[in-house]
Structure formats: structure tokens, C-alpha cells
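Me: I'm new to reading protein structures. Can we go through one together, feature by feature?

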Amino acid sequence: MAYEQAFEYLKEKGYDNRVAVFDVSSATVELAAAAVGTEPARIAKSLSFMVDAQPIIVICAGDTKINNSKYKQVFHKKAKMLTAEEVHDLIGHDVGGVCPFGIKDGVDVYLDESLKRFEKVYPACGSANSAVELTPEELEMLSGNKAWIDVCNCKLSE
């Protein structure tokens with residue numbers, strides 16, 4: 001159901017032709033990058049948190065992780081990710097397919113500055129086997145972005 005809601009939302013905005021559905025999982029950054037055929041950094045991963053009893057989504061580049069100090073400066077709270085069950089109930093998508101399209105009312109979306117270094121990024125489309133190709137500007141417009149924030153650090157090479 002979440003995929004259908006996300007797809008319908010994008011269709012209403014004229015972006016349904018950018019959605020790809022895969023025969024393989026795209027539930028993690030690495031799997032999504034392989035399915036899309038891009039580098040992991042260009043996967044726009046969605047991380048879900050609770051701030052003052054309100055669920056939020058932070059969308060960031062696939063090669064980043066939350067910097068707790070930066071997060072606390074922005075939200076005045078320690079970063080506490082939602083559980084998989086909370087994500088389903090409060091956001092409206094399941095982990096592995098979380099995106100800012102077709103989500104429940106009252107969920108604020110924030111885009112991390114880490115996305116701005118790319119011409120194209122690939123968020124999920126409500127399922128663990130989908131993605132949509134967008135520019136950061138298109139993602140900003142389509143996501144209802146509340147603000148651009150800087151709460152991530154690039155991961156160190158492994």
C-alpha cells in the first residue's frame with residue numbers, strides 16, 4: 001500500500017515516469033545503489049526520528065551518518081531513531097522503503113546538506129524494491145521539505 005501511495009503522489013506531481021521498480025531488493029543503501037546502478041552516496045536514505053512527540057524524517061546522502069552533536073544543535077534533543085514498528089505506524093512506510101512521498105500527515109521532512117553535492121539522487125518510493133530519480137531541488141519541492149539542515153558526517157572509508 002505504501003508504494004501505491006508514494007507512486008500516486010508522484011504521479012499527481014508529474015514525476016511517475018522517474019520511478020523504477022526492481023526485481024531485487026533496494027532496502028539498504030548498498031542494495032539500492034546496485035539496483036539503480038549508481039554509487040551508494042547518491043542513494044537518498046530516509047532516517048526517522050521522534051522530536052517532541054512528532055515523527056520526522058531526515059533525508060541524507062547514502063554515505064553519511066547522523067552526527068549526534070549536530071543533530072542536538074538543530075533539534076535540541078538527542079537523536080533517537082524510531083523502531084521499525086513506529087516507522088510503519090507513524091510514517092506510513094516500512095523500513096527499507098521509507099520516503100517523503102505519500103506519508104502520514106504531521107510528519108516533518110528535513111533534507112540534509114549532504115544531498116546538495118549531487119546532480120541526481122535516488123530516494124525510495126515507498127517499497128523495498130523501488131527508487132525515484134530526482135535532483136535535490138526536485139526532492140526539496142516534492143518532499144515538502146521543512147528546512148535544509150546539516151546533521152550528518154560522511155562515513156570514513158571502510
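Predicted model: local features only at pLDDT ≥ 70, side-chain atom pairs only at ≥ 80, totals over all residues.

Reply: Residues are numbered from 1 along each chain as its sequence is written, and side-chain values use heavy atoms, with hydrogens and water left out.

Me: How many helices and strands are there in the protein?

Reply: Helices are DSSP runs of H or I with at least four residues, strands are runs of E with at least two, and both are numbered from the N terminus. Here you get 5 helices and 9 strands. The radius of gyration, taken over C-alpha atoms, is compared with a globule rule of 2.2 Å times the number of residues to the power 0.38. For this protein it is 14 Å, close to the 15 Å the rule gives for 158 residues, so the protein is as compact as a globular protein of that length.

Me: Which strands does strand 2 pair with?

Reply: Two strands pair if DSSP finds at least two bridges between them. Strand 2 pairs with strand 3 (residues 54-61) in the antiparallel sense, over 8 bridges; Ser48 has Ile57 as its partner there. Strand 2 also runs parallel to strand 6 (residues 122-123), with 2 bridges, and Ile43 is partnered by Tyr122.

Me: What do strand 2 and strand 3 form?

Reply: They make a hairpin with 2 residues between them, and Asp52 in the turn has a positive phi of about 50°.
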